[in-house]
Amino acid sequence: MIKGIIFDLDGVLVSTDEMHYLAWKRLADELQITGFTREDNRRQRGVSRMASLEIVLEKADRVYTEEEKAELAERKNNYYLELLEHMDESAVLKNVKEVLAGLKERGLLLAVGSASKNAPVILEKTGLLPYLDKISCGLDTTKSKPDPEVFLVAARKLELSPGQCLVVEDSAAGIEAAAAGGMKSLGVGPFYRLLHADYEAPMLCEVQNWDEILK
Ligand code: G16
Ligand code: MG
């Protein structure tokens, strides 16, 4: 029986995709990398900051040193933080707070399992913190999804076994990570049909079969 739910953050609870895209695009433009597209940005979903940078640099016409890459990742993060300054409750996806409150009422433990090192800031700014029991994020982990580390840390913080947890994700890497960690998954978001999750719905607020999913 499912006793805890681990939610990915970006694309599941909040919408920050556009901000990530704009920050990476600004960096790509500065580096005169012209081929960085929204399709490339789709592949960055759920992937760590450094792995996302590699996707941007695929189209560069020179090789960057590790030191340069660290500087570029930091520069992008500063652009992203500038955009996050304006973030508020309006970034929360449709009816997410109502769904979380309903799941809490059923007695479930709720956690976030996000690749983002900015997860605590985002949860604070959007007013989502009070709905969550634990946070596992990029600050707790060294391996990026599809490695299950971020979800296993979340399960451990909830004091549950992986088999007692359900992962909710919008990225293929995240669904793969859930399976690798021995957890059932619910795929949501614009690409939900492509994720090969155990259960699927276009958005969290459109899930009709919680009883079946949580049994
Ligand atoms: C999120 C985004 C990714 C981003 C990653 C790291 O993952 O979907 O695009 O690269 O966080 O973010 P940051 O640079 O803020 O540490 P998730 O797991 O919340 O979907
Ligand atoms: Mg995501």
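In β2, Leu-110 is the bridge partner of Ile-5. This is a predicted model, in which local features need pLDDT of at least 70, side-chain atom pairs count only at pLDDT 80 or more, and totals for chains, interfaces and linings use all residues. Residues are numbered from 1 along each chain as its sequence is written, while chains are lettered from A and ligands numbered from 1 in the order in which they are written. Helices (H or I, at least four residues) and strands (E, at least two) are DSSP runs, numbered from the N terminus. Two strands pair if DSSP finds at least two bridges between them.

An open sheet is formed by 6 strands in the order β3-β2-β1-β4-β5-β6, with parallel pairing. β3 (134-136) and β6 (199-200) are at the edges and have a single partner strand each, so one side of each is left without a neighbour in the sheet. β1 and β2 run parallel and are joined by 4 bridges. β1 is also joined by 4 bridges to β4, again in parallel, and Ile-6 has Val-167 in β4 as its bridge partner. Between β4 (residues 165-169) and β5 (residues 184-187), which run parallel, there are 4 bridges; Glu-169 stands opposite Gly-187 in β5.

β1 is covered on both faces: Gly-4 and Ile-6 on one side, and Ile-5 and Phe-7 on the other, are all buried. A residue is buried if 20 or more other C-beta atoms lie within 10 Å of its own, exposed if 12 or fewer, and partly exposed in between, with C-beta atoms placed from the backbone.

## Annotated active site

In an unreviewed entry, UniProt places the feature "active site" at Asp-8 and Asp-10. UniProt positions are given in the numbering used here, feature names are shortened, and annotations may be inferred rather than shown by experiment.

Asp-8 is in the loop between β1 (4-7) and α1 (17-30), and Asp-10 is placed in the loop between β1 and α1. Asp-8 is buried because 31 other C-beta atoms lie within 10 Å. Asp-10 has 25 C-beta neighbours inside 10 Å and therefore counts as buried. Contact between two residues requires that their C-beta atoms, placed from the backbone, lie within 7 Å. Leaving aside neighbours within four places in sequence, the contacts of Asp-8 include Gly-46, Gly-113, Ser-114, Glu-169 and Asp-170. With neighbours within four places again left aside, Asp-10 is in contact with Thr-16, Asp-17, Ser-114 and Ser-116.

## Annotated binding site

The unreviewed UniProt entry lists residues for "binding site", among them Asp-8, Asp-10, Trp-24, Ser-52, Ala-115 and Lys-145. Ser-52 is in helix α3 (residues 49-57) and is buried, because 23 C-beta neighbours lie inside 10 Å.

Ala-115 lies in the loop between β2 (109-113) and α6 (119-126). Ala-115 is buried, since 26 other C-beta atoms are within 10 Å. Apart from residues up to four places away in sequence, Ala-115 touches Gly-46, Val-47, Ser-48, Gly-138, Ser-144, Lys-145 and Val-150.

## Ligand shell

Ligand 1 is surrounded by 20 residues, of which Asp-10, Ser-114, Ala-115, Ser-116 and Lys-117 are the closest. A residue is near a molecule or strand if its C-beta atom, placed from the backbone, lies within 6 Å of it. By class, the shell around ligand 1 has 3 nonpolar, 12 polar and 5 charged residues. Ala, Val, Leu, Ile, Met, Phe, Trp, Tyr, Cys and Pro count as nonpolar, Asp, Glu, Lys and Arg as charged, and the others, Gly among them, as polar.

## Domains

The domain assignment gives domain 1 (4-15 + 89-214) and domain 2 (16-85); such bounds come from an automatic or database domain assignment. The contact between them takes 19 residues from domain 1 and 10 residues from domain 2. On the side of domain 1 that touches domain 2, α6 and α8 (172-180) each supply at least two residues, and the largest share, 3 residues, comes from α6. That side of domain 1 has 6 nonpolar, 7 polar and 6 charged residues.

The C-alpha centres of domain 1 and domain 2 lie 24 Å apart. Each of the two domains gives at least three residues to the shell around ligand 1.
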